[in-house]
Amino acid sequence: MGDLWLLLLLPLSLEALHGVKGCLECDPKFIEDIRTVLTNLVPSEVPGRNQLLERQFKETIHLSSKVSHGNKMLRVLAVQKVVKLRTWLKNEFYRLGNETWKGVFIFQGKLLEIRQKLESKVKETLTAFSEVACSEDCIVTEGPVLDCWTCLRITTRCFRGEYCREEDPRKAEQREITLFLVLLAEAGILASAVLLFYMCVSHRRKMQTIRKTLKKYLEKKLEELVGSADEEERKDSGPRK
C-alpha cells in the first residue's frame, strides 16, 4: 500500500519542492552568485526590497527542481550542459542589469519572462539528454553526468532502471496489486449502492401497493357501513302501528 499512499501524498510533496534539489542548485557558489546579481538589480530605496529579492531568488533557483521532479526520467544531465544553463541565466541577469530601472512591476515581469525561458530550456535540455542516455542502443555520453536529485556525479555513461522510467518488477507487481484492490473496493462500493437503491425502490413500490390495497379495503368497508346505516334507517322509517 506504500505506492497508494505515495499517490495520495503527491500534492503535499509538490508543495514541499523547496526541500529537494535541482540541476541548478547543486553548486553553492552559483546560488550565491545569483543572489548577489539579483541584489544588485534592485535599488536600495525600493519598498519591501528584501522580501521582493528573497521571493524572486527562491522562484528562480527552485525552478529546476519543479522541472526535474515532475518527471522521473528528467533526473540526469551532463555537467557541461548544467554549466551552460547556469551561464545563460547569469547572462540574462547581467543583460537585465544594463537596462534602466522602470519600477517593481516591470522588473518582476522581466524576471518572470526569464524564468519562463529558463524553464523551457531546462526541460528541453533534460529531455534531449535523457533520450540519448536512456536510448535502447545505449549511446555513450561524454563527460561527467550529474544526478540532479542528489547532486552526485555519476561515472556511468549509459542509464537504465530508475533513471529511465524502468521500474523494479516487484514494485510494478505491488502497484498492480494495489490498483486491483482499489478497483475491487470501488466495485464493491458501487454494487452496494446499486443494491441499496434497488431495495429502496422495491420497498417504495411495496408500500405504494399496500397503501392502494388498504385504501380500497377502507373504501369498501366504508361503503358497507354506509349501506348498513341506510338499511337500518329504512327499517326504522317503515310504517308503525
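Q: At what angle do helix α3 and helix α6 pack, and how far apart are their axes?
A: In this predicted model, helix α3 (residues 28-41) and helix α6 (residues 79-97) pack at an angle of about 10°, and their axes lie 10 Å apart. Axes here are lines fitted to C-alpha atoms, for helices over the stretch in contact, with angles running from 0 to 180 degrees between N-to-C directions.

Q: Parallel or antiparallel, then?
A: α3 and α6 are roughly parallel to each other, a label for angles under 35 degrees, with over 145 being roughly antiparallel, 65 to 115 roughly perpendicular and the rest oblique.

Q: What do I need to know about how the model was handled?
A: Since this is a predicted model, local features need pLDDT of at least 70 and side-chain atom pairs count only at pLDDT 80 or more, while totals for chains, interfaces and linings use all residues. Residues are numbered from 1 along each chain as its sequence is written, and side-chain values use heavy atoms, with hydrogens and water left out.

Q: Back to α3 and α6: which residues make the contact?
A: From α3 come Phe30, Asp33, Ile34, Val37, Leu38 and Leu41, and from α6 come Arg86, Leu89, Lys90, Phe93, Tyr94, Leu96 and Gly97, where contact means heavy atoms within 4.5 Å. By class, the contact of α3 with α6 has nine nonpolar, one polar and three charged residues; Ala, Val, Leu, Ile, Met, Phe, Trp, Tyr, Cys and Pro count as nonpolar, Asp, Glu, Lys and Arg as charged, and the others, Gly among them, as polar.

Q: Arg86 is on that list, so is Arg86 buried or exposed?
A: Arg86, in helix α6, is buried, with a relative accessible area of 13%; buried means under 20% relative accessible area, exposed over 50% and partly exposed in between, with a 1.4 Å probe and protein chains only.

Q: What does Arg86 touch?
A: Leaving out residues up to four places away in sequence, Arg86 touches Cys23, Leu24, Cys26, Asp27 and Phe30. The C-alpha atoms of Arg86 and Phe30 are separated by 7.5 Å, although these residues are 56 residues apart along the chain.

Q: How does α6 sit against α7?
A: The axes of α6 and α7 (104-133) come within 11 Å and cross at roughly 165°, and that makes α6 roughly antiparallel to α7. On the α6 side the contact includes Lys81, Leu85, Trp88 and Leu89, and on the α7 side it includes Phe107, Lys110, Leu111 and Ile114. This contact has 11 nonpolar, one polar and five charged residues.

Q: And where do the axes of α4 and α7 come?
A: The axes of α4 (49-61) and α7 come within 10 Å and cross at roughly 10°, which makes α4 roughly parallel to α7. Leu52, Arg55, Gln56, Glu59 and Thr60 in α4 meet Val104, Phe107, Gln108, Leu111, Arg115 and Leu118 in α7, and the residues of this contact divide into five nonpolar, three polar and three charged.

Q: How many residues are in the largest nonpolar core?
A: The largest nonpolar core has 40 residues, and those with the most contacts inside it are Ile34, Leu38, Leu77, Leu89, Phe93 and Leu126. Such a core is a set of buried Ala, Val, Leu, Ile, Met, Phe, Trp, Tyr and Cys residues joined through side-chain atoms within 4.5 Å. α7 gives the most to this core, with eight residues.

Q: What does Leu89 touch?
A: Not counting residues up to four places away in sequence, Leu89 touches Phe30, Ile34, Thr60, Ile114 and Leu118.

Q: Zooming out, how many helices and strands are there in the chain?
A: The chain has eight helices and three strands, these being DSSP runs numbered from the N terminus (H or I of at least four residues for helices, E of at least two for strands). Along the sequence the pattern reads α-α-α-α-α-β-α-α-β-β-α, and buried residues make up 27% of the 241 residues.

Q: Where is Glu25 found, and where is Cys151 found?
A: Glu25 is in the loop between α2 (10-15) and α3, and at 6% relative accessibility Glu25 counts as buried. Cys151 is in the loop between β2 and β3 (152-154), and at 24% relative accessibility Cys151 counts as partly exposed. Phi of Cys151 is near 65°, a positive value in a residue other than glycine.
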